[in-house]
Each structure stands twice: as C-alpha cells, then as structure tokens.
Amino acid sequence: MRKIFKGVHEPIIDRAVFERVREMRQNGTRKKPQKSGEKSMFSGLLVCADCGGGLNFHFNQANPDIKYFNCKNNNTTRKTCDKTHYIRVDFLEQVVLQEIRRLTKFANRHEAEFAKIIMGHSKQVSEIDGKLKQKELDKMVARDKELDRLFERTYEDNLAGKLSDERYAKMTRNYELEQGELSAKIKALRTELEKTSDKSVTADMFISAVRKYTRAKKLSERMLNELIERIEVYHAEVIDGVKTQRLNIHYNCVGVIDIPETVSLEMPDITVNTRKGVSVSYSA
C-alpha cells in the first residue's frame, strides 16, 4: 500500500507558480515567439481594454531596440478594433514594476488591511466566477437531459415507421457524440466549481508571493506569472494637454487591487518618449 504525505519536503517550485503554469497549459496560452525568435515576458498577459483581444509583440524595423505591443484586431484587414493600443515594452516594464513595488509596500506597512482586502477580493472573484460556471453548468445539464428526450423520441418514431433506419442511425450517432462531449465538459466544470468553492488558500498563496518581491529591482517572467493574471491596455489619449495611457492590472485570484487613498504611498511618475517630441505618461 502506498501512502502520500503532503508538505513534508521543500517544494521544487512554489505552489503559485505550479498552478499558474498548469492553468496556462490547460488554456493553451503559450507565448508565441516572433519570426526573429525573440519573445516578451508580457506575451499572453496583455489584452485590449476596448475589444478584449490580445496584444501582439513587435519590434521597430528601423530601430530593433524599440519593442512594443499593439492590438491584434487593429492589425487585421477587417480592423475589428479601431485603435492600436500601442504600448512600448520599456514603458510597460517601468509601470508594472512600480505598481508591484507599491503593492509590496502596502503589504508590509499595512499587513492586516492588505490581508483583509486580498481575502475580500478573492472571495468576490470566486463568487462571480462560481456563478458564471454554475450558469454554464446548468445549461449543459439541461441540454444533456434534452438529448435523452430526443433519443427516446427518435426511437419511438423509428418504431412507428415515421423515421427510417438510416435516418435514425445518423441522428442517434450525432446525439451520442454530443452527449459524450457534454459529459466530459460537465465533469470538468464540476471539478472547477469545487476548486472555486474555497479560495482562502489561494489568497494566502498570493499574499506570500507578494511578500517575496519586496526588494525586487527588476521584473522577471516568474514574477509576472506568480502575481499577474492579465493587464488591460487602454489606448493613449490626451488629458489636460498630456498624452496619457491607462493600464488595469488584474492580479491572480484577486483581480484589480485599489490601494485605499488613506494609505500614503507615492504614485509612480513614469514618462517615456515614444518618438522625438512625443511622450506618454501613465495613469492608474
């Protein structure tokens, strides 16, 4: 008989990293390298705030040192998104690093308040996610029952001579295929619902991950995977005469975190020159 004892040995990798990598593999979100062979650690994390599409990684042909992302739906011939949502990688790195630093400062200086906010966000995200999954599950179960009724009806129609044997065989084969796919999806969805029923452990993991990067001076792919689920990128616009770009950072399992105004932490003041005479600043 084999017995498994959990938590006895030091883990090879952090649980948060393991869960994040597993989720990425399940969802098929692998980072595509460019034709040059280069890829960005932000690939797969950036989404357009307007159309919801992903942002593609590029580099400037005239100056390869300038790397950037823009909305994939603006690049297509159909242009389903009417704005580029252009954002430079060096600008993105500065903003995300500074936001993570603000988060770690908040966690260290206001530990109890930080934990309360994270737990609250985690519970809220879990409830919303659970409701959406439950709604999807209910639809699948209803369809599964409907297929059972259709099986019975086609069988009765075949016996009564209303449906030919050939037609009956074709219809039942299609029903069986659909019901087989539904069965697998229902099982997977029920497993996911069980996982979302209690997110307190996941929230604790996120808090631990944040504290690990208190002294981080540089972004890494590992850091992004542990902390960030996705980043919504807005198209840059002119506000009060200053070209400004807004980002929404969605953290793993907790969503967007708004640090209370009562907490005195400096907002990052980041500006990057996109080209001669043109600069872009950041807005939370």
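**View 1. The largest nonpolar core and the residues that touch the most other members.** In this predicted model, the largest nonpolar core holds 43 residues, and among these Phe42, Val96 and Leu227 touch the most other members. Helix α3, which spans residues 89–109, supplies the largest share of this core, namely 10 residues. As background for this view, nonpolar side chains in soluble globular proteins tend to be buried together.

**View 2. The surroundings of Leu227 in the model.** When residues up to four places away in sequence are not counted, Leu227 touches Ile100, Phe206, Ala209, Val210 and Tyr213, and it also touches Tyr251 and Asn252. Leu227 is itself one of the residues that touch the most other members of the largest nonpolar core.

**View 3. A second, separate core.** This core consists of 12 residues, including Phe151, Leu163, Ile186 and Leu189.

**View 4. His85, a residue with a positive phi.** His85 lies in the loop between α2 (72–75) and β4 (87–88), and although His85 is not a glycine, its phi is positive, at about 55 degrees. For comparison, most residues other than glycine have a negative phi. His85 counts as buried because its relative accessibility is 0%, and the cut-off for buried is under 20%.

**View 5. Asp240, a residue other than glycine with a positive phi.** The phi of Asp240 is near 55 degrees, and Asp240 is placed in the loop between β6 (237–239) and β7 (242–251). Asp240 has a relative accessibility of 77% and therefore counts as exposed, since the cut-off for exposed is over 50%.

Key
Residues are numbered from 1 along each chain as its sequence is written. This is a predicted model: local features need pLDDT of at least 70, side-chain atom pairs count only at pLDDT 80 or more; totals for chains, interfaces and linings use all residues. Side-chain values use heavy atoms; hydrogens and water are left out. A nonpolar core is a set of buried Ala, Val, Leu, Ile, Met, Phe, Trp, Tyr and Cys residues joined through side-chain atoms within 4.5 Å. Buried means under 20% relative accessible area, exposed over 50%, partly exposed in between (1.4 Å probe, protein chains only). Helices (H or I, at least four residues) and strands (E, at least two) are DSSP runs, numbered from the N terminus. Contact means heavy atoms within 4.5 Å.
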